[in-house]
Amino acid sequence: MKINVPNALTFFRVVLIPCFVGIYYLPHTLINQSLMNWIGAGIFLFAAITDWLDGFFARYLNQASKFGAFFDPVADKLMVVAALLVLLELDRVNAIISLVIIGRELSISSLREWMATIGKPGGMAVMFIGKLKTTIQMIAILMLLYYDNLWFINLKWIGNILINIAALLTVISMVYYIRVAWPTLRKSIKIR
């Protein structure tokens, strides 16, 4: 594996995860909840920006690699799972919503990996519905991490609405990806 700009950004995103989670476990005598929310949301936003940047640099610098194609989505999912677990611990997101989102991520990642091992990786390419789900999910998580008003905008309320929309899109996108993979699945396990 060659360390290039996109891979370095992906590694950096993974390193941010314990920093992000650790902020929420600092004693309240050291840092108040409002500052904790601000720093946690800032780290999450920075990680989301590095996700966009690593893809940009992979294309712009022509540094796309098989390792990056594998590791980038893993880093993304680790960050989302960490954020959802923190939000669950803080009682800012429903356990069922978290389970739906995390379960879909694990299921579809496993399905993509399986499709790649049987020589059909393109059959599970990311589609618009998946990108829309990810965008709404990231914005919702960011708002729920910040969990305060921004000027007159109630981010807590908007974040709750968006995370529910993201969960709905999660289910829709999962059904879509399973439908795409179904012919291959059916042949592999010989379902009639």
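Is aspartate 54 buried or exposed? That was my opening question for this notebook, and I looked it up in a predicted model.

**Entry 1: aspartate 54**

I found aspartate 54 in helix α2, which runs over residues 33–60. With a relative accessibility of 4%, aspartate 54 counts as buried, because the cut-off for that word is under 20%. Next I asked which residues aspartate 54 touches, leaving out those up to four places away in sequence. The list came back as Pro6, Leu9, Thr10, Arg13 and Asp72.

**Entry 2: the salt bridges around arginine 13**

I then looked up how many salt bridges the structure holds, and there are 7. I started with the side chains of arginine 13 and aspartate 72, which form a salt bridge at 2.5 Å, N to O. Arginine 13 belongs to helix α1 and aspartate 72 to helix α3, so I noted a link between distant parts of the chain, 59 residues apart.

Arginine 13 has another partner: its side chain meets that of aspartate 76 in a salt bridge of 2.8 Å, N to O. Aspartate 76 is in helix α3 and arginine 13 in helix α1, so this pair ties together parts 63 residues apart in sequence. For aspartate 76 I read a relative accessibility of 19%, which counts as buried because the limit is under 20%.

Which residue pairs with lysine 77? I found glutamate 105, with the two side chains in a salt bridge at 3.3 Å, N to O. Glutamate 105 is buried, at 6% relative accessible area.

**Entry 3: how α1 lies against α3**

The axes of α1 (residues 5–23) and α3 (residues 66–89) come within 9 Å and cross at roughly 15°. The two helices are therefore roughly parallel to each other. The crossing of α1 past α3 is left-handed. On the α1 side, the contact is made by Asn7, Thr10, Phe11, Arg13, Val14, Ile17, Phe20 and Val21. The α3 side includes Phe67, Phe71, Asp72, Asp76 and Met79. Sorted by class, this contact has 13 nonpolar, 3 polar and 3 charged residues.

Aspartate 54 is 57 residues from leucine 111 in sequence, and their C-alpha atoms are 24 Å apart in space. Isoleucine 178 is 67 residues from leucine 111 along the chain, and 8.3 Å separates their C-alpha atoms. I placed isoleucine 178 in helix α6, residues 155–189. Its relative accessible area is 35%, so isoleucine 178 is partly exposed.

How values were computed. Residues numbered from 1 in each chain as written. Predicted model: local features only at pLDDT ≥ 70, side-chain atom pairs only at ≥ 80, totals over all residues. Heavy atoms only, no water. Axes fitted to C-alpha atoms, helices over the stretch in contact; angles between N-to-C directions. Helix = DSSP H or I, 4+ residues; strand = E, 2+ residues; numbered from the N terminus. Parallel < 35°, antiparallel > 145°, perpendicular 65-115°, else oblique. Left-handed = near helix turned anticlockwise from the far one by under 90°. Contact = heavy atoms within 4.5 Å. Nonpolar A, V, L, I, M, F, W, Y, C, P; charged D, E, K, R; others polar. Salt bridge = Lys/Arg side-chain N within 4 Å of Asp/Glu carboxyl O. Buried < 20%, exposed > 50% of the residue type's maximum accessible area, 1.4 Å probe, protein only.
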